[in-house]
Structures are given as C-alpha cells and as structure tokens.
Amino acid sequence: MNAYTGDILLPVGALNAPERVVAAPGTSNLPPATLCLGREAEVTQLRGILTRQHETAITQSGAVHGLGGIGKSTLALHYSHRYRSEYTLIWWVNAASPEEIESSLTGLTRSLVPAWADSASRTAQVAWAKQWLTWHPGWLLVYDNVENPDDLTPYTGALHKGHHLATSRLIAGWPDGAVTLTLGNLNADDSTTLLCQLVFKDISPTPQHRAEARALVKELGQFPLAIKQAGAYLSQNRGISLDSYRRRLTTKLGKTTHGIPAERTIARIWDVTLHTLQQVDPLAVELLHTAAWLAPDDIPHSLLTPPDTDPDDVAEAIGTLAAYSMVIDSGRAFSVHRLVQTVLRTAAVRESSATPAGRRDAERAIECILYPEDSKVAAPPQQWIHLIPHVTALAASAPPEQEIEQAPSVYELVSQYLQDQGQSARALPIYEYIQNQFKKTLGDTHPASLMSSANLACSYMAAGNLQQAISLFKATLTQSEKSLGDTHFTTLTICNNLASAYAEAGDHKQSIPLLEQTLANRVQTLGENHIDTLTSRNNLAHGYESAGEASRAIPLFETNLAKFREAFGENHPKTLYSQSNLSYAYEKSGDLSRAISLHEITLAKRLEVLGDSHPETLQSKNHLGRAYHAAGDLERAIPLLKATLLQRIEVLGEDHPDTLISQNNLALAYKDNSEHKQAIRLFETTLAQEERILGQIHPGTLITRNNLALAYSEAGNLRRAIQLHEVTLAQQEQLLGELHPGTLTSQHNLAGAYREAGDIDRAIDLLKKSSARHEQIHGDTHPETLNCRSSLAYAYKKAGAFNLAINLYEATLKQCIDNLGDEHQLTVLCRRHLGESHCAAGNYVRAISLFKTSLAECEKLLGTTHPQTLIRRHNLAAAYMAVGNFGRAIPLYKLTISQCEQTLGREHPQTLLSKSHLARIQREQQSAKKMGNRHRPYL
C-alpha cells in the first residue's frame, strides 16, 4: 500500500544530539507571572491531576477548560511558576493550531541547540524537539488555547516522560484518559480583592473603596477578563471613581443585548473604554477595530503600518492598547483576546450594512503587502506567507451580507499558492469566501461562479470531505449543463472533477461512465488530437487502471502516447508525461521489465530536455526508484529514492505533496529492506506532518498510519501494530464507509496482524468478511479480490486447515492465470503459497512441481538474486530435503546461501534459515543409516 506522504531527513549529527543535550536548571519560556486570586483550590486540584500515578500510564495529562476570559491561561501560568522548581523544563506552547504548536516547539529547539537550529529546517527542528522530550524526563508542556484536542495527539500520544497541561474553551472532545478541570467565575471576595489590587496599586483601599468594588464586580458578573479590563481602565483614569464607572456601565446595558452574558459584559466595558480612548488616541481605536478581523495572535506591527503612516505612531497606539489591557504586545507583534474580537466584530456588523471600516482596513493592509505600491504584480510569496493565517481569518469572518467593494484578488492569490503547495485543505475558508463573492457579484450560473464552486468542491476533496465534494460537484454540474450546455469547457471540466471525486471515494461504477461521457463529448466538440481530448483519454485510462481493468487501461495509454508523439514530438514535456503514465500502467499490471525500461527512457529524455532538478525530472526519478523497489532491486532503489527526496526538499520544499511522496516511498523501501528502525522513524515523522497538514482522519493520514502499523508488524511489535490498525480501520469506516477500497485494505492488514500474533480465528473471520466485500464492489476476478482470497487461504494454512487452504489456493491460482496472466506478481505469489501448502500437507510431488515453476518465473521476471527468487529456491530445496533427495537439495541450498550472503547479508533471517537447513541435511547424512528418518523443514 502506497501512502503519498513525506518528511525531511535529519542530519546524522542531529539524530544523536537530543539524548546528549541537557537543559539548564529552570529552562522555560514562561511569560511573566500575573495576578491570580481565588484559584488556590484549582491549583491544588491541578497539581493532583498531574502528579497522580495510574497503573496504566506514566504520563499524566490534564485540560483546563472554560469560557474565554475566565482565567484558564492565568491559572496555567500561575501553576507553572509555583511549581517551576519541580520540573527540568517548562515550555509554553501556543496551541490554537498545529502550525502554532510547531512554531513553539521550534523555539524549544532554538533554546537548547541554537547553533544547529540556525541551519536546520522547521520540520527538522520540530522533530528534534520531540526527540529531546522523548529522551528526557520531568518536563511540563503547557498547551495554551487549544482549539482542537486532536491537534495534541501527536504529542500527548508519543511523549510519555513529562506532564501535558492544556487550556481550552472546549468542554468535549478530550481523550478518555485526560482529566479535565472546569473553571467558573470568581467568588465575590476574590473578585473584589482582584479589582482593588488592579486599581489601587500604591495605596490600601478604604472600606468605601471595597464596597464600591464589590458592587462593580457584581455588575461585571465576577468575570475575570471583565475585571481585568475594568481595572486597567480605572488604573489609567484615576479621576474616575469605581461607583461612577459602574453607573456608566449601567447606561450601556440596553445597547448591548446581544450575545452570551460574557460578551454583553465585555461589550459594556468596551463601550466605556473605547469612548475614552477615542479622545486620547483615535489611532489606537482604529487599529483595534482592524485587528478584530485578523487572526488573534502574531499580528505584525508592520502589517498595520501603511506607507504613509509613521511607525512610531503605530507603536505608541499599540502601547496605549496594551496599557488598557486591550492587547498583549511583544514589541514586534501583538495579540488580541478572541472574545474581544468577537464582541468588536459583532457590534461592527450590527451597526452597519456596509463592510465594517475595520474589516475594510484589514483587507487593504493585507493587499498593500501582497500587491505593494498599487502594483498589479504580486510580491514573492516569501514576503507574505506569514500573513496566510490573517487572510484565512478574514475569509472565515466575512459577514454574510457584506457589500462587495473589490474583486477577491488577495484571496485568489493565497488560495492558488496553497493549492500549488498541495495544501488546498488549508484554503477551505478562502475558497468558501471566493465562491460567496462571485455568486453575489456575478450570479450563480456565471462561468466564474461555477468554477469557484468547483474549486471549493476540490478543496473539500483535498480535505477528505468526499461526500461534501461530490454533493457540490453534482449541484454545480447540473447548473453548468443547464446554463452553458453539456459540451461547454466549464461543464466538461466539472464533469471530470466529479468523476475524480467518485474515484477517490472508491465508486468506480459512477466514475468511469462520467469519464467515458467526457471523452466522447470532447472528441465530438474538439477532435481526437486536441489537448483536452488527450487529457480526457488519459483520465479514463487512469479510471480503468484504478478499477483493476489493466487490459482496458494500457491500450488507451498506448493510443494516447502515439497521439502525443504525433502532435508534439518525441521529446515534448507533454509527450514525456504521457509516456510516464504508460510506464506506471505497465508497473501496476505486473510487467516490471517493460515498466523499468520505459521509466529509464523517460528519465533520460527529461534530463536532456528539462534538466536535473526540474519537478518532472524528479518525478521520473521517483517513479524509477519505486519500480526498482517493486522489482526487488533495493540496492538501486534506496540510493535513488534518497537522492530524489533531498532534491525535492531543496526544489519544492518540505511539505510539498511530491516531497511527501518521495518520503513515503523511501520509508517503504527501508521497511522492505528490513531497516525497521529507519522505516518506523520516517513513518512516524511523516504521520505527524500529515496530522498537522491534513488532520487526524484525512485519507492520506490514514494511509500513513496504516503504513506505520505495517512497519511495526514487520519489526515484531505486533501489539503496537494491532493498535494502529484497529484505530485506522475504525476511522476508515467512519470517514469512507465499510465498502471503500481503503477501508477494505485496512481490514485486510488488521487481519494480517491478528494472524501473525497467533489470533488465527479473528484473522479468518475478518478475511472472510473482507473477501465478500471485495467481491461485492470489485467483482470476482479483480486483483484486490484475488489478493484477499489468497490471504484467507494463507490463514487457513497457518491454522492447519490444509485442505481448505489448498482448495482455495487452487481456485485462486486458476483465476489469477486466466485474468492476470502467468507472469503477474500475484499469480507468482499464489503459486508459491500453494506449493507451501501442499508441502505442509505432505503432498511433496505437487509441491516440487509448483516450486520449480515458481522459481523459473521469478528468475525470469526478477532475476536470480532477487529476495523472492531466493525464497523460492529455498522452498524447492526444502521440498527435495523433505523427500530425502539430498543430492538436489544440497546444491540448491549452497547456491541460495551464497546469493543470500551477497544480497541480504550474512545475518539476514533468510540466510540463517537456509544455513540451518543445510546443517540439518549434513547431520542427517551422517546418521541416516542409523536413524532412518527424515525431518520436515520449516518453510
């Protein structure tokens, strides 16, 4: 199973560094301690949660949740400072998104190994931090403001030597093992004391002061954020008494009737505060309204400093906001509380039917950086990619009735960039905004509106929301056919995309007719050799290939290649792309010799035409390395895959889809070369990347988790493998349904893990269910059906039910020969296992015949030293040994041992097994006359 995922390789020195680096005592990135009154019971409870020992877990994790502004972060910070001496390291992690978590972890790496971190990539720094936390005990990670508990799984699930503490507004969604602590409002006494400490910093409050403070906090609902903001205002305006401030709040009550109680309280406070600020510093109020529409964290000062504005004025305005506790300022960037943003946006939308001024200013600020000096040419991405979270926030917060004042060029630019980087799922809010804008300005049936809907559906598909994608594609196709006709370019494009969505969902019965219809329409309207027609023919061939119909796919690919050569010439990039597709079709059909030959030709031409580092040249290198792997030539595969990965990192970046493909293919090659530690490390890092980029249950993430489980299984860690397989299968069924090919693959793999763990009955039950479902969706002779049936026969053999195994293998082998050909890999594998079953049942004559045929096929297809060839030669020798024909067995064993040592190494399990069999023969020859018995070998 191929998982199209990826990661970066850490330098050798860095791989060993984490275990040797010791953090200095008291290492942390904690913000300064702040006032935290009335939470002693919660602090004590939190300490108990984190230090309590359970029998089943070393790591204790907890979550503090409650309303925004209730004091969750303050409590976590207070706990961290109080128990600082109890931890070897404390690291504060901004956890609103996977990207922010990773940014915080890069800070940990830079703190501990600054020299190495300066030259390391972001992904390598994150991996180093995780490895350090894996090696060293006694640390505390504080995940602040968690928006999605699943974002923590790559860390809480893998790091077991310290404490994890999270703060979040979410009540539900936490793992069963995480104990949660709910925060409520402060009591009256603590609220009063907190307000007095904020207002009367230099003097002791009088009884009158305390009475007024008590009345005010009651009016504020004893809500911590409200008390803090009121206290900041009164501290800055000493001439206003607490009672006067309370009366001013009361007059605002009727104007703020919308929202939850906390929002209404904050709105009343802010009406007073903003009124004062408007007199003192109007620019501060303007900046605050602008920041309300951006992402809440890391708002750069420079973003809100247009060319005609003095940076010092902006810095002073932000300083004023910080003095009133409106923002938290670092000097370079500032943050705004999410609840404050909600209140400001809600009020702005309610007060105006036009685009709110703050939102308009935020859009213009972004536009000034993406399109500097009113240029129509966008700035290079490296100048603005750090602003993508702010563009996404603008798109996600757009008022439903916003008036359109400009074309969404900024949003289109950013969404196109994310699409080019293979991160369309991240652009989902932006695509939704663009679709809404086009529909408002151009109408539902305008070609631009239809294409924006198609782009949104593609984004849903990239995010793994296949049913949502299919539903939108279908609705858009209906509109396009009605308004533009069924042969219009836009209609045909949408039809093709709908077919792709069906194929992704495993529904080839829906996908292939749509592809056939699109091809027919393009031939009719554009002609046989138009580029769009050639593209449609290529897509249809891919559809047949995905459905297991190689006999229909390959002739189409061959026809297309001939037409590309005729239209563009032998060496045109489009011709070479078509040639690459044909190579892959040969590979999928089991014709590896033709596939490798054509891959090599394509690579040579791309090197000549495009150069060594062109993305399409790198694609050919990856394809060739994968084909070498499929042919068992790991000596050529691994170096080529390594080199391709490094080039893709340099040319395309670490998170590009093509880089992820290379990373996965290299990990698979390591796995099949028995380099289990390398494979597992790469798969685990890849899985963390997929979870960050795509999410926990995206199809790509699930494939990666499946591959990791397979690697654990082959490394002998069956308990971990079964856990991963079971989680993956449950998520596949939830996301894709019980009949999706990916679900059936997960089911098949879980059965294999059960079998290897000795739980044969569960394996057989699962394989029976999987075989029936394969037949239901693929048919009786599809390669996946035959493969599953072969696995069921193997399980019967392992259970000692030799007759059941032999009968099923014989039937499956006949179907493989009839439908796939005598030399297909599945045919060859089935013949080998049938021979082993006959041998195990004592039918040595039939076994020898099958082993001889299987060995001859492997030598022809894979070569004399391929690992699969060596296994078959060993099996033939073992069969001769079993019938006492030592004269034939000994030369075969000697040849196998020599080639195993050369190909696999002296200590490889297959080498040692053949040596042990040869030693048994030699012992039996010495004692044959006396003992007169023969021993059945382990095959």
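This is a predicted model: local features need pLDDT of at least 70, side-chain atom pairs count only at pLDDT 80 or more; totals for chains, interfaces and linings use all residues.
Let us begin with helix H20, which covers residues 447-462, and helix H22, which covers residues 489-504. Their axes lie 11 Å apart and the angle between them is about 15 degrees. Angles under 35 degrees count as roughly parallel, and H20 and H22 are therefore roughly parallel to each other. The crossing of H20 past H22 is left-handed. On the H20 side, the contact is made by Pro447, Leu450, Met451, Ala454, Cys458 and Met461. H22 brings Thr490, Thr493, Ile494, Asn497, Ser500, Ala501 and Glu504 to the contact. Sorted by class, the contact of H20 with H22 has eight nonpolar, four polar and one charged residues.

One of those H20 residues, Cys458, leads us to the cysteines. How many disulfides does a search of the whole structure find? The search finds zero. As a reminder, a disulfide is a covalent bond between the sulfur atoms of two cysteines. For cysteine 458, the closest cysteine sulfur is in cysteine 495, and because the two sulfurs are 13 Å apart, they are too far for a bond. The cut-off used here is 2.5 Å between the sulfur atoms. Cysteine 839 is in no disulfide either, with the nearest cysteine sulfur, that of cysteine 830, 16 Å away.

Helix H33 (residues 718-736) and helix H34 (residues 741-756) have axes that come within 9 Å and cross at roughly 160 degrees. Why are they described as roughly antiparallel? Angles over 145 degrees count as roughly antiparallel, and the crossing angle here is roughly 160 degrees, so H33 and H34 are roughly antiparallel to each other. H33 passes H34 in a left-handed crossing. Among the H33 residues that make the contact are Leu718, Ile722, Leu729 and Leu736, along with His725 and Glu726. From H34, the residues in contact include Gly742, Leu750, Ala753, Tyr754 and Glu756. The residues of this contact divide into seven nonpolar, eight polar and three charged.

Now for the backbone. Most residues other than glycine have a negative phi. Asparagine 145 has a positive phi, near 65 degrees. You will find asparagine 145 in the loop between strand S4 (139-144) and helix H7 (153-156). Is asparagine 145 buried or exposed? With a relative accessible area of 13%, asparagine 145 is buried. Serine 674 also has a positive phi near 65 degrees, and its place is in the loop between helix H30 (657-672) and helix H31 (676-693). Serine 674 counts as partly exposed, at 39% relative accessibility.

The last stop is alanine 333, in strand S9 (residues 333-336). Alanine 333 counts as buried, with a relative accessibility of 3%. Which residues is alanine 333 in contact with, leaving aside its neighbours within four places in sequence? They are Asp298, Ile299, Pro300, His301 and Ile328. Leucine 303 is 30 residues away from alanine 333 along the chain, and their C-alpha atoms are separated by 9.2 Å.

Conventions. Residues are numbered from 1 along each chain as its sequence is written. Side-chain values use heavy atoms; hydrogens and water are left out. Axes are lines fitted to C-alpha atoms, for helices over the stretch in contact, and angles run from 0 to 180 degrees between N-to-C directions. Helices (H or I, at least four residues) and strands (E, at least two) are DSSP runs, numbered from the N terminus. Angles under 35 degrees count as roughly parallel, over 145 as roughly antiparallel, 65 to 115 as roughly perpendicular and the rest as oblique. A crossing is left-handed if the near helix is turned anticlockwise from the far one by less than a right angle, and right-handed if clockwise. Contact means heavy atoms within 4.5 Å. Ala, Val, Leu, Ile, Met, Phe, Trp, Tyr, Cys and Pro count as nonpolar, Asp, Glu, Lys and Arg as charged, and the others, Gly among them, as polar. Buried means under 20% relative accessible area, exposed over 50%, partly exposed in between (1.4 Å probe, protein chains only).
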